[in-house]
Amino acid sequence: MSTTIEYAGVESEDLFSFWPRHNEAIQQRLESKHAWLEERHHPEAQHDRAEDALEHQMTLNIGPQHPATHGVLRCVVKLDGELIEKCVLDIGYLHRGIEKLAESKTYQEFMPYTDRMDYLAPYANNVAWCLAVEKLAGIEVPERAQWIRMIMCELARISSHLLWLGVGLMDAGAVSVFLWTFQGREDLYNIFDEMTGARFTVSHSRIGGLASDISPRALDLIRDFVDRYPAIVQGWRKFLNRNRIWIGRNEGVGVVTAEEAIALGLTGPNLRGSGVPYDIRRFEPYLKYDEVDFTIPLRTEGDCLARYHVRMEEMLESLKIIEQCLDRLPEGPIRADDAKQAYPTKDEVYYSMEGLIHDFMYTDTGVAPPKGAAAYHAIESPKGELGFYLESDGTGNPWRARINAPSYTNLQGLEWMMEGHPVADIVVLIGSIDPVMGEADK
Amino acid sequence: MHETLKFHFTPVDTPQPDQANPHAKASTEVAGVVEALRGEFGEAILDLMVYAGEHTVYVEKKRIADVCAFLKDQQGFAYLVDLGGADRFTDEDRFEVFYNLVNIDAGKRLRLKVRVDEDDLHVPSVTPLFRAANWNERECYDMLGVIFDGHPDLRRMYMPEDFEYYPQRKEFPLLGIPGSLPLPPQTPEGDLTMDPFAAAHGSKPVKSFEEPPSEFSDENSEI
């Protein structure tokens with residue numbers, strides 16, 4: 001069924017034979033796709049269709065190399081005039097097969113790969129992976145490590161939302177906010193640098209605890225950030241909540257009702273923007289989220305503006321959580337004191353033979369959950385429910401590591417959300433869904 | 001015949017399934033739902049596994065869509081969080097497809113599993129019930145080759161359409177199969193890269209640049 005295009009002077013075997021066939025499959029899908037638009041009873045869909053297809057119909061490729069698609073996302077849209085009639089998303093341009101790679105790594109070795117999934121909030125991914133492995137192997141983490149993990153997860157959430165805000169506004173035409181939010185991200189990078197030794201891909205959490213304790217300087221930086229930032233975020237909200245262009249671009253765009261959001265499987269702020277109170281921090285409290293006081297921002301409108309409000313309020317709630325964590329941070333160890341569950345401290349490694357052997361064994365084999373064990377653990381990452389489903393065969397490598405990536409499920413909803421909107425809304429919609437292709441493409 | 005890949009190393013003192021797990025969640029306590037499933041479907045509910053407080057219900061392959069419809073309509077499990085497959089690498093019932101369902105109102109989470117034999121890779125699709133399953137089923141088909149009957153658009157998700165293999169099967173090598181996926185040439189006039197991991201497969205990799213001749217190379221060593 002594959003069609004090969006003939007180029008002068010080029011043997012057809014030399015070409016990427018998959019490309020024409022790939023495009024043909026997308027085209028077939030576009031033609032055969034169920035027209036959700038007519039079901040949604042959009043007033044625009046009821047207008048008189050022109051008889052002449054050439055007058056009105058066009059198939060347009062947006063991406064994968066397009067700055068507004070936030071990574072290598074390809075949208076193939078079928079237009080009727082300026083209106084999107086059908087949309088097919090094509091992903092996989094960043095596919096690295098990390099689920100397959102995980103099967104040949106030890107549990108600890110896989111950590112750097114999680115950094116590169118949602119690279120806007122690497123710490124949250126590290127913690128998600130650690131918690132999943134800890135659930136699989138039944139490892140308990142010391143109190144202090146749990147509180148520090150919470151602080152860093154919430155900082156990662158703010159970092160991710162700051163990027164979403166800056167880039168989202170830049171998509172809508174306001175460049176200055178991008179510069180302001182990147183100042184905030186710079187502050188956060190400094191905190192991560194001081195805390196973990198790396199600015200971007202942190203890989204700091206360890207199975208059974210953390211790599212290093214929080215330094216006094218990092219604590220000062222975090223406290224300073226938490227003191228300063230509520231006022232700054234409120235300032236942005238004051239500025240944006242009454243900005244006519246921002247409201248005009250977002251209000252009533254990409255409306256998803258609660259039932260539709262559940263059916264499409266949206267997660268995170270996109271689901272809560274539609275009025276579904278589903279947040280893993282409350283649904284299945286992990287770490288110490290059941291001990292801190294915070295609210296889950298919820299909106300019922302389900303449009304881009306609602307998702308904007310949810311994320312802005314989430315940032316303020318995250319700052320509140322961090323403040324409580326700082327006040328309640330207990331003293332104590334940061335890693336489980338068991339050579340089969342976590343790395344020994346550097347003191348043990350350098351000054352005792354057992355410590356050195358344990359360090360070697362842990363690097364070589366690591367945790368070995370019982371044979372046949374299977375567990376799923378999810379956290380509320382900035383993008384939504386990030387879960388790992390792990391199966392063990394009794395060795396130090398996972399038999400199966402399934403990543404439930406929030407961007408992947410959210411993009412599926414985007415495909416449907418776009419239909420019925422003008423082309424100009426594509427960038428706003430992509431921005432409001434907040435996908436990260438590193439995570440969606442695995 | 002499948003060969004055993006690794007030796008098994010399970011320390012004696014690792015937690016066993018009957019031990020309490022510090023990360024067990026209240027949401028995975030779904031004994032009532034399992035009872036309801038057993039009452040409704042009887043023989044089609046094959047087995048129940050509990051680990052770390054999580055309930056995994058093994059369902060007969062042919063009835064999975066009915067079980068999902070029952071859970072969605074009668075038990076409120078309307079939110080499909082995850083769907084994926086695993087390769088067990090056994091002679092019988094080689095593949096597994098799991099369904100992670102959530103009841104948001106009641107705060108419950110349940111995992112269903114079906115086993116799929118290599119000779120009959122067809123599983124009823126749940127996409128008509130949960131639209132969220134669309135991409136997940138495509139991914140499972142792409143990675144493991146499980147075919148979902150009734151899926152509206154069973155294309156490959158990540159790999160090219162004419163890729164002949166299913167990469168997440170255990171027999172697929174980590175470094176890929178040379179020649180299965182031609183990549184762009186490394187030099188402007190060069191040939192297509194047929195093997196991105198040439199060095200690992202024992203041949204000389206193509207350089208994307210011309211290295212300058214070294215004065216310490218073998219030809220000059222006699223000077």
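**Domains, a helix pair, a sheet and a chain contact**

Taken over C-alpha atoms, the centres of domain 1 of chain A and domain 2 of chain A are separated by 40 Å. Domain 1 covers 1-32 and domain 2 covers 98-440 of chain A, with bounds that come from an automatic or database domain assignment. This is a predicted model, in which local features need pLDDT of at least 70 and side-chain atom pairs count only at pLDDT 80 or more, while totals for chains, interfaces and linings use all residues. Residues are numbered from 1 along each chain as its sequence is written, and chains are lettered from A and ligands numbered from 1 in the order in which they are written.

Two packed helices are described by the angle between their axes and the distance between the axes. In chain A, the axes of helix α6 (residues 122-137) and helix α7 (residues 143-172) come within 7 Å and cross at roughly 135°. Helices (H or I, at least four residues) and strands (E, at least two) are DSSP runs, numbered from the N terminus; axes are lines fitted to C-alpha atoms, for helices over the stretch in contact, and angles run from 0 to 180 degrees between N-to-C directions.

On the α6(A) side, the contact is made by A:P122, A:Y123, A:A124 and A:V127, and on the α7(A) side by A:R149, A:M152, A:C153, A:A156 and A:R157. Residues are in contact if their C-beta atoms, placed from the backbone, lie within 7 Å. Seven of these residues are nonpolar, none is polar and two are charged (Ala, Val, Leu, Ile, Met, Phe, Trp, Tyr, Cys and Pro count as nonpolar, Asp, Glu, Lys and Arg as charged, and the others, Gly among them, as polar).

Chain A also holds an open sheet of three strands, ordered β6-β7-β8 with antiparallel pairing; strands pair if DSSP finds at least two bridges between them. Its edge strands, β6 (374-381) and β8 (398-404), each pair on one side only. From one strand to the next the twist averages 15°. Helix α6(A) packs on this sheet and touches β6 and β7 of chain A, its direction making about 155° with that of β6(A).

Finally, the contact between the chains takes 55 residues from chain A and 46 residues from chain B. On the side of chain B that touches chain A, β3(B) gives the largest share, six residues.

Conventions:
Two residues are in contact if their C-beta atoms, placed from the backbone, lie within 7 Å.
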